[in-house]
Amino acid sequence: MSKDAVNTAAATPRTDAAQVPADAGDAGYSKDLKARHVNMIAIGGAIGTGLFLGAGGRLHNAGPALAIAYLVCGVFAFFVVRALGELVLYRPSSGSFVSYAREFLGEKGAYVAGWMYFLNWSTTGIADITAIALYTHYWSLFTDIPQWVLALIALAVVLAVNLISVKIFGEMEFWFAIIKVATLVGFMLIGIFLLATQHEVGGHTPGLSVITDNGGVLPHGVMPVVLVMQGVIFAYAALELVGVAAGETAEPEKVVPRAVNSIMWRVGLFYVGSVVLLALLLPGSVYSADQSPFVTVLSKIGVPAAGDVMNLVVLTAAMSSLNSGLYSTGRILRSMAMAGSAPKFTARMNRSQVPYGGILLTCGVCVLGVGLNFLVPAQAFEIVLNVASLGIISTWVIIMICHLVFVRRAKAGLITRPTFRLFGSPVTEIATIAFLLACLAMMWNDPEVGRKTLLLIPVIAIMLVAGWYGVRRRVSRTADQELSRLTK
């Protein structure tokens, strides 16, 4: 039983969201994140290597219908972040969905939510430092430096940024997002110009004929589009960062609704718009998983140094992801540690009000990733990326379950929903959960990697159960101490 649970049990039914008690893990944070930081964190979460790099291979496999896949997944991702946004306005918390899981699902729910999120970001961190090393090797200056050394340097730089202060983190994310948005806008302007002037691209005249003359919208049928959904969902991972960042902003009630609502049009403009443009400029068969689709187009029209520019942008996207992962897991682990379900040292904060204990734990796992880069540099990226997908899908499912319970309590008159709401409840939550679980099931169709990843689920479940039995007494003892303090 947590502090939230103690208060919920002890108090009379609440009618004002402001009366909801803060999570014990929220004490001690600064409120240095500004509106522009949170807005750009929302953009940065929606735009990453999944678009800059991953869209090439997906266009090759699924064809122009990839735009539909991005749109469908984007709608469900918006539902998730909208549900989280409503919970944030009900009670801002740096513990975010772990704090909400504690209140609405109990300590076991918070425990599973927190550790699955840690699994997601710690393995994503390994993928990020691997990607950074690979992208850096693109330039001849760094070719002779071992991949694991570059991975270690990247980890050290981002760790230092995270430990200084949350304001520095916010500034770094702000400029990372600016670079990504500027690149996308620049490419889209070039693409629109090529379309408008009918400028030849790699022997093809841009326009609808590029699609109709090469198999149409579904050149390989519906199944490749369905199968690509799981990878597309991962491209949207990190949108939930808005909820974590809200705990360190002074005016979440103003900042969060704007950031959440803007996600939808950004998804439509940047993801769907970019893929539609790519499909109108070149046939899907021209794109490949080995090269950014933007580089493919720019190189076909003879833009000098297109590869260098885009490689720098993809490198920025990977650094941004690693930066966000260390930030969010530090806050999530502190929330868990205050309730007893994470190691005590992860609750520690430095003078800059940064939870360095949790950040260092995530870094420790990433160091294992440096070892993975040393042992199997060729397979490191693919191995960890698929494990991370289990973490993000479980996190999003838990957010929607929390929202279902939240709405049920609101209908019972126990709490009051804010005016900023997820519409269509409970249909929206149930449809989103069903969609996410279906994406997980689709991984079975990939015998090489996806199926092996699904077989890890029983192993992860056993580890979670064993871990719970290891911490449950401490969780119970922490709750008893909190209850004793509150009832004095």
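Guide: Asn120 lies in helix α7, which spans residues 107-136. The model is a predicted one.

Visitor: Why is Asn120 called buried?

Guide: Buried means under 20% relative accessible area. Asn120 has 2% relative accessibility, so the residue counts as buried.

Visitor: Which residues is Asn120 in contact with, leaving aside neighbours within four places in sequence?

Guide: Ala388, Gly391 and Ile392. Contact means heavy atoms within 4.5 Å, so each of these residues has a heavy atom within 4.5 Å of one in Asn120.

Visitor: What makes a set of residues a nonpolar core?

Guide: Its members are buried residues of types including Val, Phe, Trp and Tyr, joined through side-chain atoms within 4.5 Å. The largest such core here has 156 residues, and those touching the most other members are Phe52, Tyr70, Phe104, Tyr236, Val297 and Trp396. Helix α5, residues 66-90, supplies the largest share of this core, with 17 residues.

Visitor: Which residues does Phe104 contact beyond its neighbours within four places in sequence?

Guide: Phe104 is in contact with Leu87, Tyr90, Cys402, Val405, Phe406, Arg409 and Ile415.

Visitor: What is the secondary structure of the protein in helices and strands?

Guide: There are 21 helices and 0 strands.

Visitor: How many residues does the protein have, and what percentage count as buried?

Guide: The protein has 488 residues, and 57% of them count as buried. Its accessible surface is about 19200 Å², with 66% belonging to carbon and sulfur atoms.

Visitor: What share of contacts between residues at least 6 apart in sequence join residues at least 24 apart?

Guide: That share is 80%.

Conventions. Residues numbered from 1 in each chain as written. Predicted model: local features only at pLDDT ≥ 70, side-chain atom pairs only at ≥ 80, totals over all residues. Heavy atoms only, no water. Helix = DSSP H or I, 4+ residues; strand = E, 2+ residues; numbered from the N terminus. Buried < 20%, exposed > 50% of the residue type's maximum accessible area, 1.4 Å probe, protein only. Areas by Shrake-Rupley, 256 points an atom, 1.4 Å probe, with all protein chains shown as cover.
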